[in-house]
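Trainee: I would like to learn how to read the features of a model like this one. Please take them one at a time.

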Amino acid sequence: MHILLVEDDGLLAEGIVTALKRSGFAVTWLNKGKTASAYLAGESPDILLLDLGLSDMDGIELLRLVREKKYPTQVLILTARDSTTAKVTGLDAGADDYLTKPFEIDELLARLRVLERRLGNAPTALIQVGPITLDTTHHLALHKGEPINLSRREYMLLKALVEHVGIIQTKEGLEGKLYSWNDEVASNAIEVHIHNLRKKLPADFIRTMRGIGYMVPRQ
């Protein structure tokens, strides 16, 4: 799951980025609305965390642009504007959720999990595919109820696949869910993660669609 954070308070942004990465998200942080607009023209993060009080433009302007361009990104507003009018304006402009500052990181993570489930069409925090269960609240993977020891990116990759059972995921699309914008990604990174996952999962749980990508078939 790739998150774009647009926030010009550096101290707050660093805290959010640290918390999100610890929770298994790939995060790109930008502090200017115009930079974010250019970024969104070429990239498709799953969720946009958007501050409204940006130094170079109002966040509502960026939100309206996102919706006018029909980018598929879910948008969660983070702002100190706590009036009912401000909330209505943000939601009417196309935000999927609205969180006022100051907020607890746990609440932010809970709201992100809700948006994440919408993206993956998962109704609960538990995703069951055959003998494999993912507990997205506690970031656990289990095989027949027994925990599987996964690295952070192995877990992120497995989650990206089981959230879209029966749908082929391209290598490039999976890279976008695992890595931030400025991360250096080895050309065979996904292949290495897939190889390591397969050693910990049932045979044929992840299938290679040659020349296209990878898929977890319907069980």
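Mentor: Start with contact, which means heavy atoms within 4.5 Å. Under that cut-off, L158 touches I132, L134, A141, L150, L197, L201 and F205, leaving out residues up to four places away in sequence. This is a predicted model, where local features need pLDDT of at least 70, side-chain atom pairs count only at pLDDT 80 or more, and totals for chains, interfaces and linings use all residues. Residues are numbered from 1 along each chain as its sequence is written, and side-chain values use heavy atoms, with hydrogens and water left out.

Trainee: Which residues have the most contacts inside the largest nonpolar core?

Mentor: A nonpolar core is a set of buried Ala, Val, Leu, Ile, Met, Phe, Trp, Tyr and Cys residues joined through side-chain atoms within 4.5 Å. Buried means under 20% relative accessible area, exposed over 50%, and partly exposed in between (1.4 Å probe, protein chains only). Here the largest core has 28 residues, and L158, F205 and I206 have the most contacts inside it. Two or more residues come from each of strand 6 (126–129), strand 7 (132–135), helix 6 (152–162), helix 7 and helix 8 (189–198). Helix 6 gives the most, with seven residues. Another core, of 21 residues, lies apart from it and includes A36, L54, I60 and L63. As for the element names, helices (H or I, at least four residues) and strands (E, at least two) are DSSP runs, numbered from the N terminus.

Trainee: How many salt bridges does a search of the whole structure find?

Mentor: Side chains of opposite charge can pair when their charged atoms come close. The criterion is a side-chain nitrogen of Lys or Arg within 4 Å of a carboxyl oxygen of Asp or Glu. The search finds eleven salt bridges. One of them joins D46 and K177, at 3.1 Å from N to O. D46 sits in the loop between helix 2 and strand 3 (47–51) and K177 in helix 7, 131 residues apart. Both residues are buried.

Trainee: Where is the cis peptide bond, and which residues have positive phi?

Mentor: The bond from K101 to P102 is cis, with omega near -5°. H139 has phi near 55° without being a glycine, and is found in the loop between strand 7 and strand 8 (140–143). K144, also not a glycine, has a positive phi of about 55°. K144 is exposed because its relative accessible area is 67%.

Trainee: Which residues are closest to the centre of the largest pocket?

Mentor: On a 1 Å grid over the protein atoms alone, a pocket is an open set of points where a 1.4 Å probe fits, with protein on both sides within 12 Å along at least five of seven lines; lining residues have an atom within 4 Å of a point. Of the 17 lining residues, H2, E43, E175, G176 and Y179 are closest to the centre. Helix 7 gives the largest share of the lining, five residues.
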